[in-house]
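Subject: Structure for your attention

Dear colleague,

Please find below the structure that I am handing over to you. My notes on what was found in it follow directly after.

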Amino acid sequence: MTGYVAALDIGGTTIKSALHHGVTTTAHHRRPTPRQLGPEAVVAAVLDEARALVEHGTARHGTPPAALGVACLGMVDEHTGTAVASSAIGWHDVPLRELLAAATGLPVTVTNDLRAAAHAEARTRDDDDFLFVAVGTGIGGAIVTGGDVRTGAHQRAGEIGHLTVHQGGYRCGCGAHGCLEAEASASAVARRHHAATGGQATARDVARLAATGDTAAAAVWQTTVSRLATGLSMAATLLDPGVVVVGGGLSLAGEQLLGPLREAFERRFRMPRPPRLVLSTHGDESACVGAALMALEARA
């Protein structure tokens, strides 16, 4: 098998790894991100996962991968391959490309996870102008125009998670209160449900409970949808995308999320012809697919 690459998606909750030939995944693995142990432990886990992935690929296909593509949460300097900062992990200025190249012997590309996910969507959708929004442990976005992902002057275009959607709301990791990330992420769902019930349910648990008619879970879900719709309407009013693509772990709830979200979004969006809301083509694997595609394209 020629032209296959390895890919990593370093998230706040999970480190995903996969072997890819284009958008086709030939092997994949997930492990928890040990962020509770500190940034050094996360770096060690990433390096271990990369080594194991390359070894698996070599054993399976007879040759090592052509390259390693890495998608990483937080601020990333793509030119130097540095993980500049992530409040979720707590690391700063980690030379990921250098460390991973030394650990694997492969050429390495490093990008922000949201841009990687948007890149995957741009290469596999017919839409050339869209806003990609990932709703997971946190919330982030990426802007695609003319089929290309826009990075902005400081490589942080699309930071929809830090729009204020509820004055006086939960404190965000950035220090502000009421940010979309603090109000509508999977972490926020769990926090709000705990505040209401004292329980320790995850966002997926809350979604399942809400679907069964549980009153407390349904109220939490409704608030989450309302906050998310507010943030999306603000971003869509400013950016005028043709489509809003919703990805990330919470998007796995499917129409349970998208149905009420679409209704709430259209009530809030005051301009003619609101953009369509659709689910990501690749679910919560978008960043891994995008990292693989970017690694392949860098080798072309």
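A residue is called exposed when its relative accessible area is over 50%, and buried when that area is under 20%. Arg 273 is therefore exposed, with a relative accessible area of 79%. Arg 273 sits in the loop that links α8 (255–268) and β13 (276–279), and its phi is positive, near 55 degrees, although the residue is not a glycine. Asp 240 belongs to the loop between α7 (215–239) and β12 (243–247), and it counts as exposed at a relative accessible area of 64%.

Please bear in mind that this is a predicted model. The mean pLDDT of the protein chain is 93, with 99% of its residues at 70 or more. Among the elements of the chain, α2 has the highest mean pLDDT (98) and β3 the lowest (88).

A separate pairing involves β6 and β7, which run antiparallel and are joined by 3 bridges. The bridge partner of Ala 85 in β7 is His 92. These two strands, β6 and β7, form a hairpin with 4 residues between them, and Gly 90 in the turn has a positive phi of about 90 degrees.

Helix α2 (residues 96–104) has three residues that may interest you. Its buried residues are Leu 96, Leu 100 and Thr 104. They lie on the same side of α2, because they cover an arc of only 35 degrees around the axis. On the other side of the helix, Glu 98 and Ala 102 are exposed. The cover over the buried residues of α2 includes β1 (5–10), α1 (39–61), β4 (68–72), β6 (82–86), β7 (91–94) and β8 (108–112). After α2 comes Gly 105, with a positive phi near 75 degrees.

Finally, is Thr 33 buried or exposed? With a relative accessibility of 4%, Thr 33 is buried. Thr 33 lies in the loop between β3 and α1. A polar atom of its side chain is 3.4 Å from the backbone nitrogen of Ile 15. Apart from neighbours within four places in sequence, the residues in contact with Thr 33 are Gly 11, Gly 12, Thr 13, Thr 14, Ile 15 and Val 42.

Yours sincerely

Methods:
Residues are numbered from 1 along each chain as its sequence is written. This is a predicted model: local features need pLDDT of at least 70, side-chain atom pairs count only at pLDDT 80 or more; totals for chains, interfaces and linings use all residues. Side-chain values use heavy atoms; hydrogens and water are left out. Buried means under 20% relative accessible area, exposed over 50%, partly exposed in between (1.4 Å probe, protein chains only). The arc is that of the directions from the helix axis to the C-beta atoms. Contact means heavy atoms within 4.5 Å. Two strands pair if DSSP finds at least two bridges between them. A polar contact is a pair of N or O atoms within 3.5 Å; within protein, one must be able to donate a hydrogen and the other to accept it, and residues adjacent in sequence count only if both atoms are side-chain atoms. pLDDT is the predictor's confidence in each residue, from 0 to 100.
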